[in-house]
Amino acid sequence: MQFVKTNALLLALVAIVLYQQSELKEVERTLNYIYAVVQTNNGDIQATKEEVWALSDLIIAVYEEGAEEAEEE
């Protein structure tokens with residue numbers, strides 16, 4: 001009878017380990033999805049940042065050009 005109890009306990013432990021492994025796989029998939037979204041957002045942020053810098057450079061250039069023309073007058 002002790003043999004059956006021991007085997008039942010081992011089978012229960014194996015079942016728990018297998019369940020936890022499947023849960024870990026699901027967590028891993030979720031984390032990979034979150035990472036992909038974060039990377040995409042990071043790319044969008046970088047593109048927006050570059051556009052803002054380009055626009056800032058353009059505004060500065062127009063301002064400086066206007067200041068030079070005002071000095072010439």
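These are my notebook entries on a predicted model of one protein.

**Ground rules.** I number residues from 1 along each chain as its sequence is written, and I use heavy atoms for side-chain values, leaving out hydrogens and water. In this predicted model I need pLDDT of at least 70 for local features and 80 or more for side-chain atom pairs, while totals for chains, interfaces and linings use all residues.

**Overall form.** I looked up the fold and found one helix and zero strands. I take helices (H or I, at least four residues) and strands (E, at least two) as DSSP runs, numbered from the N terminus. Helix H1 covers residues 2-72. The C-alpha trace spans about 105 × 10 × 5 Å along its principal axes. The radius of gyration is 31 Å, whereas a compact globule of 73 residues would have one near 11 Å. That radius is taken over C-alpha atoms, and the globule rule is 2.2 Å times the number of residues to the power 0.38. I also checked Val52 against Leu11: they are 41 residues apart in sequence and 61 Å apart in space, C-alpha to C-alpha.

**Surface.** Buried residues make up 0% of the 73. Buried means under 20% relative accessible area, exposed over 50%, and partly exposed in between (1.4 Å probe, protein chains only). Val52 counts as partly exposed because its relative accessibility is 47%. The accessible surface comes to about 6900 Å², with 64% belonging to carbon and sulfur atoms. Areas come from the Shrake-Rupley method with a 1.4 Å probe; for residues, only the protein chains shown count as cover.

**Salt bridges.** I required a side-chain nitrogen of Lys or Arg within 4 Å of a carboxyl oxygen of Asp or Glu. The count is two. Arg29 pairs with Glu26, closest N and O atoms 2.5 Å apart. Glu28 pairs with Lys25 at 3.8 Å between the closest N and O atoms. Glu28 and Lys25 sit three residues apart in H1, about one turn of the helix.

**Patches.** I joined residues with over 30% relative accessible area and no salt bridge: like charges within 9 Å, nonpolar side chains (Val, Leu, Ile, Met, Phe, Trp, Tyr) within 5 Å. Val27, Leu31, Tyr33, Ile34, Val37 and Val38 form a nonpolar surface patch of about 560 Å² accessible area together. Tyr33 is exposed because its relative accessibility is 59%. Glu64, Glu65, Glu68, Glu69, Glu71 and Glu72 form a negative surface patch. Glu71 is exposed, at 68%.

Notes. Lys, Arg positive; Asp, Glu negative; His and termini not counted. Charge placed at Lys NZ, Arg CZ, Asp CG, Glu CD.
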